[in-house]
Amino acid sequence: MSKYWSEAVNGLTPYVPGEQPKDTGITKLNTNENPYPPSPAAEAAIRDFPLDRLRLYSDPDCAELKQALADHFSLEKKNVFVGNGSDEVLALTFMAFFRQEHPLLLPETTYSFYDVYCNLYDIEYKQIPLCDDFSIDLNDYAEPNAGIIFANPNAPTGRALALSEIEALLQRNTESLVVVDEAYVDFGATSAVELINRYDNVLVIQTFSKSRSLAGMRVGYAVGHEDLIAGLERVKNSFNSYPLDMLAIASSVAAIKDDAYFRETTQKIIDTREWTEKALAELGFVTVPSKTNFLFTSHRYVEAAELMGFLRANKVLVRHFSKPGIDNHLRITIGTPEEMQLLVDTLKRHPDIISMG
Ligand SMILES: *Cc1c(COP(=O)(O)O)cnc(C)c1O
């Protein structure tokens with residue numbers, strides 16, 4: 001606290017990101033990064049970038065990236081918004097759309113940045129409990145609202161909704177915006193992007209951080225009806241004209257065009273996820289069905305906090321949330337097959353798992 005802080009700063013509860021350890025000997029399965037490098041085309045775009053150009057400002061419209069994304073999704077450039085990571089796109093979305101008289105509706109268990117933004121912008125919100133199996137029932141989102149936001153697949157549970165469920169929500173909820181955060185959609189769920197041309201009340205947000213292996217570049221985007229995109233542009237241009245630097249633009253353009261590499265690496269992660277789920281089941285874990293690059297899992301006898309500490313002591317980082325209802329689960333990022341073998345081998349050495357035989 002400081003007497004120089006604005007009053008509102010005292011009341012903030014910032015998001016706490018997963019740890020980024022300095023020690024390189026650690027197996028990092030805690031922040032859902034991709035274990036594979038970015039597309040070789042993205043690497044080449046950075047390596048070959050004419051560095052003298054960095055003295056100029058980057059394109060405030062990010063036209064080349066917007067056009068590449070529009071081509072990728074068979075949309076038009078006016079349907080695409082880009083930002084400095086999807087976290088920034090989300091922050092601008094909350095500011096642009098959710099400050100209304102009714103509360104924002106969101107799942108009780110979901111990406112924990114959403115309530116942080118509500119707190120930042122003074123947005124009233126209502127958390128809707130998940131079902132017992134950690135699924136979202138969109139029929140529960142049926143009251144007057146400032147908007148509805150959820151992640152699909154959801155985080156940290158990994159469960160996905162069917163496109164038909166989302167479409168039915170768009171048909172019922174016509175007076176406010178529905179935002180679908182698809183950070184993990186490329187690992188086996190169905191995207192709502194195909195609804196963009198038929199519904200003006202849906203905004204889909206995606207990121208280069210997970211399925212495109214570019215978390216360090218900080219590139220995210222939203223697609224939706226042109227009037228929604230225009231609203232985001234107004235807020236963005238009232239905040240930061242140049243949120244993407246030239247290297248971020250060049251590398252993400254190259255990455256979105258390299259479909260073969262994208263399909264190869266996402267499929268490898270899906271295969272490794274299935275292997276890991278089976279291996280964990282043999283050790284006594286019960287895992288929520290996942291369409292993401294992580295598993296949300298709980299051991300039948302050993303507490304999640306204990307296992308997280310044990311793994312950490314053995315240089316394997318996984319994520320544990322101390323929030324009631326999910327505090328006996330671990331969220332484990334899918335790494336390479338070798339990393340997952342190491343995870344399983346380490347868990348096998350836990351005294352309580354050994355004694356189960
Ligand atoms: C990782 C993640 C994000 C943030 O992604 P960035 O583009 O790296 O900012 C947004 N939403 C969810 C649900 C995520 O898991």
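**Charge pairs and a buried helix**

Biologist: What relative accessible area does E143 have?

Modeller: In this predicted model, E143 counts as partly exposed, because that class lies between buried, under 20%, and exposed, over 50%. The relative accessible area of E143 is 26%.

Biologist: How far apart are the closest N and O atoms of K66 and E233?

Modeller: K66 and E233 form a salt bridge, and K66 lies in helix α3 while E233 lies in helix α7, so the pair ties together parts that are 167 residues apart in sequence. Both K66 and E233 are buried. In helix α7 (residues 226-236), the buried residues include L228, I229 and E233, and what covers the buried residues of α7 includes α3 (63-73) and β2 (80-83). The closest N and O atoms of K66 and E233 are 2.7 Å apart.

Biologist: Where does R159, the salt-bridge partner of D133, lie?

Modeller: The side chains of D133 and R159 meet at 3.8 Å, N to O. The pair links distant parts of the chain, 26 residues apart, with D133 in the loop between β4 and β5. R159 lies in the loop between β5 and α6 (163-172).

Notes:
Residues are numbered from 1 along each chain as its sequence is written. This is a predicted model: local features need pLDDT of at least 70, side-chain atom pairs count only at pLDDT 80 or more; totals for chains, interfaces and linings use all residues. Side-chain values use heavy atoms; hydrogens and water are left out. Buried means under 20% relative accessible area, exposed over 50%, partly exposed in between (1.4 Å probe, protein chains only). Helices (H or I, at least four residues) and strands (E, at least two) are DSSP runs, numbered from the N terminus. Contact means heavy atoms within 4.5 Å. A salt bridge is a side-chain nitrogen of Lys or Arg within 4 Å of a carboxyl oxygen of Asp or Glu.
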